[in-house]
Amino acid sequence: MTAVRVGVLLSGRGSNFSALVAGFERLRTPAQVVLVVSDEATAGGLERATEMGIDSRVVSPKDYPTRAAHEAAMIAVLKDAGVEWVCLAGFMRILGPDFVRAFPSRILNIHPSLLPSFPGLHAQRQAVAYGVLWSGCTVHLVDEGLDSGPIVGQRVVRVLEDDTEESLSSRILEEEHKLYSESLHRLLLVGWRIEGRRVLFDE
Ligand code: GRF
């Protein structure tokens, strides 16, 4: 099986991006990250890409007049690189309809809560403040909403009484790093279909 070409979109440090690359290697996933695209020139993930010998590009919204033009530029660099699947890894923007339609059912996101609880920013802070006993992380297909597409996988993390946003975030992050590659691995190797909000695997 030839490796599926994966593009990663990020805005920050890129630990999930690194974990995806390591996970594909560990699991022998037929997938290869061929391009990292950042909307932020200072994102740490860009340095990680360079260290790993993976091409990267900055596509900043500041260089485009509209959101649609910015997204069109990101679509163009991804398509030029032959990207088939897009993984959002700490990408701090909501994607519009043109982008979602450019990679139909081939965009994944990872979010640090058990969706649909605590979508949006500071999910771990929201979980601590709410007083939930369990949180975790979710990998889902991306639609035009905020953290709202069909769920592919989740991992659960106990919230401890003395947890802070930082301590909970770091335990959830450990699970994120395993869940993301495992989720794409499964999507690539097992048949699946979407029924309503559900991703159903032929297992
Ligand atoms: C992660 O917590 C991810 O779930 C969220 O943004 C954070 C990105 O962290 N979407 P990193 O840049 O992958 O280290």
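Contact in these legends means heavy atoms within 4.5 Å. The structure is a predicted model, in which local features need pLDDT of at least 70 and side-chain atom pairs count only at pLDDT 80 or more, while totals for chains, interfaces and linings use all residues. Residues are numbered from 1 along each chain as its sequence is written, and side-chain values use heavy atoms, with hydrogens and water left out.

View 1. Val 156 is found in strand β7, which spans residues 151–158; strands (E, at least two residues) and helices (H or I, at least four) are DSSP runs, numbered from the N terminus. With neighbours within four places in sequence left aside, Val 156 is in contact with Leu 114, Trp 134, Ser 135 and Gly 136. Val 156 has a relative accessible area of 51% and is therefore exposed, where exposed means over 50%, buried under 20% and partly exposed in between, with a 1.4 Å probe and protein chains only. From Arg 106, Val 156 is separated by 50 residues in sequence and by 24 Å in space, C-alpha to C-alpha.

**View 2. The two sides of helix α2.** In helix α2, which comprises residues 44–52, the buried residues are Gly 45, Leu 46 and Ala 49. These residues cover an arc of only 105° around the axis, which puts them on the same side of α2; the arc is that of the directions from the helix axis to the C-beta atoms. The cover over the buried residues of α2 includes β1 (4–10), α1 (15–27), β2 (31–38) and β3 (55–58). On the face turned away from the buried side, α2 carries the exposed residues Glu 47, Thr 50 and Glu 51. Just after α2, Gly 53 takes a positive phi of about 70°.

**View 3. Aromatic pairs.** Three aromatic pairs are found in a search of the whole structure, a pair being rings of Phe, Tyr and Trp (its six-membered ring) with centres within 6.5 Å, counted as stacked if the planes are under 30 degrees apart, as edge-to-face if over 60 and as tilted for the rest. Trp 85 and Trp 192 have ring centres 6.3 Å apart and planes at 55°, so this pair is tilted. Because Trp 85 lies in strand β4 (residues 85–88) and Trp 192 in strand β8 (residues 192–195), the pair ties together parts that are 107 residues apart in sequence. Trp 85 counts as buried, at 4% relative accessibility. For Phe 99 and Phe 103, the ring centres are 5.5 Å apart and the planes are at 40°, so this pair is tilted. Phe 99 counts as buried at 0% relative accessibility, and Phe 103 counts as buried at 3%.

**View 4. Arginine side chains over aromatic rings.** A charge sits over a ring if NZ of Lys or CZ of Arg is within 6 Å of the ring centre and within 35 degrees of the ring normal. Arg 158 lies over the face of Trp 134, at 5.2 Å from the ring centre, and Arg 186 lies over the face of Phe 201, at 3.7 Å from the ring centre.

**Setting of the views.** The protein has six helices and nine strands. Of its 203 residues, 50% are buried. Among contacts between residues at least 6 apart in sequence, 62% join residues at least 24 apart.
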